[in-house]
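I opened the model to look up a few local features. My notes follow in the order I took them.

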Amino acid sequence: GLPVLLHRSVAFGQVGSHTIHDNHIQTAPRPCPATRHVPFRTHILADLESPHRHIQTPLRPCSTRHERRFQTHILANNPPVGGFCYAIYRILCSRATIPSFYQPLRVMMVFVILDRHEHINTNEMQARLRAAGTQDGQFAPEQITEFVDLMQVYEGAMYEISTKLEILDSEFQVRFSHDPIHHMERRLKSVNSILDKLRRRDLPITTRAMKDNLFDVAGIRVICNYRDDVYSVSNYLSAQSDIQVLRVKDYIKNPKQNGYRSLHVIYAVPVFLSSGAHYTPVEVQFRTIAMDYWASLEHALRYKTDLPDDRLVEHSQTLLDCARSLQNIEVQMQGIHRDINGAPQVENAPSA
C-alpha cells in the first residue's frame, strides 16, 4: 500500500493515471483537490529491467544531486504532499532491496520538466475562438479549425526542442559528469494571450497573422547552473542539422535597463505530421538559476503588485543593484567551477 501512494503522488500532488513508454513514466495532469497549485507534470526515469515480479533486486542508492532536485521541485511546489512523498522516498532509498513488482518506484530524479499549460482541449479552444469571432466578426469556421490544428503543431515543436535538450543534458552527464540544465519549463500561449497580442499590434486575428508575426506561441525556459552552460547548450542545440536559428537576443552580455539578463533564441524545428514536415518556431529562454529567480521577482513586482509608485521605484532600484551583485557572484562561482570541472567553456551566444 505504501509504495503505491508514492507512485501515484510523486508528480507534485497530482493524483491520476499514468502511462509507461520505454521505461518512461508520465503522470496525467490531474490536479489534486487538496491543493491549489497549478498542475504540471514531471518526467521520471524508471528502472523496469526485470520481467519477474517477485525477484528481489538491489535498490540503486540515490545521489545527493538527485535528492536535492527532488526536494527543490517537489517541496517547493507542493509542500504538503511533496513532504509526505519525500519521506516515503527516503525510506525506500534506505532499503537494501525492493521487490521488482514495485520497480516503477525505483525512481531517479534525472530531469525535471514543468509544463505550465494544459494539453490542448479542442472543444474549449473552439468555444473561446467563437466567442472572439462573435466580438470581432473576423473568424470563419475554417479559421477556427485551422487555429486548433496550428496549436497542435506548436505543441509538437515544443516537445521536439525539449527532447533535444534532454538528450544534450544526458550527454554532458556521460562525458563531463556535469548536468548543465537544472530544469526546464514549457508553455503554450493561451488563446486569450494570442488574441490580445494580435490586437495590441493592430494585426488581423487570423492564423496567417499569427504564423507570420508571433514567434513565442510555444516557449521553453531552460534553467542552467552556470553561464558557461547557457552558452554551451544553446550553441550545441543551434548546431544540429535540422534546427534553424531565426533570432538571437543576448541580454546576458547586454542586460536590459532594469537589470534583466537572459539569452533568448528563436528556433525553427520540423514537426513531422501526416502531411509532411512543418518548420515551426519555438522561443527558448536560457538563463542561470540566479537570473531566473531575479526575473521571477522582478516580474511579480512589475505586474502583480499594487504598491504605491514610490515603493515601486525603490524596489526597482534595489533589484537593479541585486542584478549587478548576482552577476559578480556568478562570475566568481563559475571560475571555481571551471577549475574543478572539464565541461566546455563557451563565451558567446549562437548566431542567427
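How many aromatic pairs does the structure hold? I found three aromatic pairs. For these, rings of Phe, Tyr and Trp (its six-membered ring) pair if their centres lie within 6.5 Å; planes under 30 degrees apart count as stacked, over 60 as edge-to-face and the rest as tilted. I looked up Phe 172 with Tyr 236: the ring centres are 5.8 Å apart and the planes stand at 65 degrees, so this pair is edge-to-face. The pair links distant parts of the chain, with Phe 172 in helix H5 (residues 141–176) and Tyr 236 in helix H8, 64 residues apart. Ring pairs also join Phe 172, Phe 176 and Tyr 236 into a cluster.

Ground rules, before going on. This is a predicted model, where local features need pLDDT of at least 70 and side-chain atom pairs count only at pLDDT 80 or more, while totals for chains, interfaces and linings use all residues. Residues are numbered from 1 along each chain as its sequence is written, and side-chain values use heavy atoms, with hydrogens and water left out. Helices (H or I, at least four residues) and strands (E, at least two) are DSSP runs, numbered from the N terminus.

Next, accessibility. Buried means under 20% relative accessible area, exposed over 50%, partly exposed in between (1.4 Å probe, protein chains only). Phe 172 is buried at 2%, whereas Tyr 236 is partly exposed at 37%.

I then checked charges over rings (NZ of Lys or CZ of Arg within 6 Å of the ring centre and within 35 degrees of the ring normal). Lys 253 lies over the face of Tyr 231, 5.7 Å from the ring centre.

Then the helices H9 and H10. H9 (289–303) has 15 residues and reaches 21 Å from first to last C-alpha, close to the 21 Å expected. H10 (residues 309–340) has 32 residues and reaches 46 Å, close to the 46 Å expected. The expected span is 1.5 Å times one less than the number of residues.

How do H9 and H10 run relative to each other, parallel or antiparallel? Their axes come within 11 Å and cross at roughly 175 degrees. Axes are lines fitted to C-alpha atoms, for helices over the stretch in contact, and angles run from 0 to 180 degrees between N-to-C directions. H9 and H10 are therefore roughly antiparallel; that label needs an angle over 145 degrees, with under 35 roughly parallel, 65 to 115 roughly perpendicular and the rest oblique.

I listed the contacts (heavy atoms within 4.5 Å). Residues of H9 including Trp 294, Leu 297 and Leu 301 meet residues of H10 including Leu 319, Ala 323 and Leu 326. Buried residues of H10 include Leu 319, Ala 323 and Leu 326. Among the elements covering them are H8, strand S12 and H9. Gln 317, also in H10, is partly exposed at 40%.

Ser 177 has phi near 55 degrees, positive in a residue other than glycine. Ser 177 sits in the loop between H5 and strand S8 (181–188) and is exposed at 58%. Asp 202 also has a positive phi, about 55 degrees. Asp 202 lies in the loop between H6 and helix H7 (207–213), exposed at 71%.

Last entry: Lys 197 in helix H6 (residues 191–200). Lys 197 is buried, at 13%. Beyond neighbours within four places in sequence, I find Lys 197 in contact with Lys 189, Leu 214 and Asp 216.
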